Amino acid sequence: MTQDQLKRATAGAAIHYIAPKLEPRSIIGVGTGSTANFFIDLLAELKGRFDGAVASSEASAQRLRAHGIPVYDLNSVDDIQVYVDGADETNAALQLIKGGGAALTREKIVAACAGEFVCIADESKWVPVLGRFPLPVEVIPMARSLVGREIVKLGGDPVYREGVTTDNGNVILDVHNLCITDPPQLERAINNLTGVVTNGIFAQRPADLLLLGTSSGVKTITAK
Ligand code: 5RP
């Protein structure tokens with residue numbers, strides 16, 4: 001199977017997982033990226049069985065609207081029943097690295113509001129230790145060099161993601177060569193740097209469930 005076929009299969013498994021739980025008042029949190037796009041396209045088939053969605057990016061909001069799915073501002077909804085999103089890496093504790101699509105801050109906000117966080121990923125994202133994928137950090141533009149120097153002190157090699165501005169008007173530093181053995185600790189340490197908006201470690205709020213697309217089928221994994 002190709003990587004896209006695995007992504008589509010895991011998105012399909014997420015639809016099967018959430019469909020029986022949907023109610024007319026349900027709000028679904030929807031993530032960003034190619035796996036989330038497969039999910040959005042399949043979610044269109046459930047239109048009318050839930051109220052609407054909150055999107056973690058302008059791109060996902062546009063895609064949802066194109067399918068006729070109502071998109072709400074997070075401030076106008078009481079709660080998000082379930083959040084479905086992809087990841088750049090996951091470990092067995094379902095701690096993630098996210099932000100390859102530069103949407104990490106809104107993704108983290110939506111995840112924080114969600115009753116349940118379902119991660120959908122193909123098997124290439126499964127790692128024993130987070131850090132092979134360069135860690136995205138969203139930074140206020142004027143603090144780019146300051147944050148870069150501080151990240152070097154933490155042992156990482158930050159690279160400015162040229163030509164990318166986030167939906168929040170900020171820039172991204174991709175931090176290479178990290179071996180993240182204590183994800184919650186590094187998540188807190190980087191978030192504490194002045195000028196950092198968010199970093200892409202999702203450990204303080206990990207996923208609750210992982211649907212992992214593999215060549216032998218979609219595996220359902222809960223945190224170890
Ligand atoms: C976007 C993300 C995505 O979830 C992550 O990059 C995975 O993307 P894809 O599904 O395209 O592999 O965090 O900011």
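Author: Buried means under 20% relative accessible area, with exposed over 50% and partly exposed in between (1.4 Å probe, protein chains only).

Reader: Hi! What kind of model is this, and how are the residues numbered?

Author: This is a predicted model, where local features need pLDDT of at least 70 and side-chain atom pairs count only at pLDDT 80 or more, while totals for chains, interfaces and linings use all residues. Residues are numbered from 1 along each chain as its sequence is written, and side-chain values use heavy atoms, with hydrogens and water left out.

Reader: Thanks! Which strands pair with β7?

Author: β7 pairs with β9 (residues 171-176) in the antiparallel sense, over five bridges. β7 also runs antiparallel to β10 (residues 196-199), with three bridges joining them. Strands here are DSSP runs (E, at least two residues), numbered from the N terminus, and two of them pair if DSSP finds at least two bridges between them.

Reader: And what are the bridge partners of V139?

Author: V139 has V171 as its bridge partner in β9 and V196 in β10.

Reader: Switching to the ligand: how many residues surround it?

Author: There are 17, and the closest are S34, T35, D88, G99 and K125.

Reader: How far is the side chain of T35 from an oxygen atom of the ligand?

Author: An N or O atom in the T35 side chain lies 2.6 Å from a ligand oxygen. For G101, a polar backbone atom is 3.1 Å from an oxygen atom of the ligand. Taken alone the ligand exposes 380 Å², and the protein buries 91% of that (Shrake-Rupley method, 1.4 Å probe).

Reader: One more: why does Q95 count as buried?

Author: Because its relative accessibility is 14%. Q95 lies in the loop between β4 (89-90) and β5 (96-97).

Reader: Which side chain makes a polar contact with Q95?

Author: That of N91, at 2.9 Å. A polar contact is a pair of N or O atoms within 3.5 Å; within protein, one must be able to donate a hydrogen and the other to accept it, and residues adjacent in sequence count only if both atoms are side-chain atoms.

Terms used: A residue is near a molecule or strand if one of its heavy atoms lies within 4 Å of it. Helices (H or I, at least four residues) and strands (E, at least two) are DSSP runs, numbered from the N terminus.
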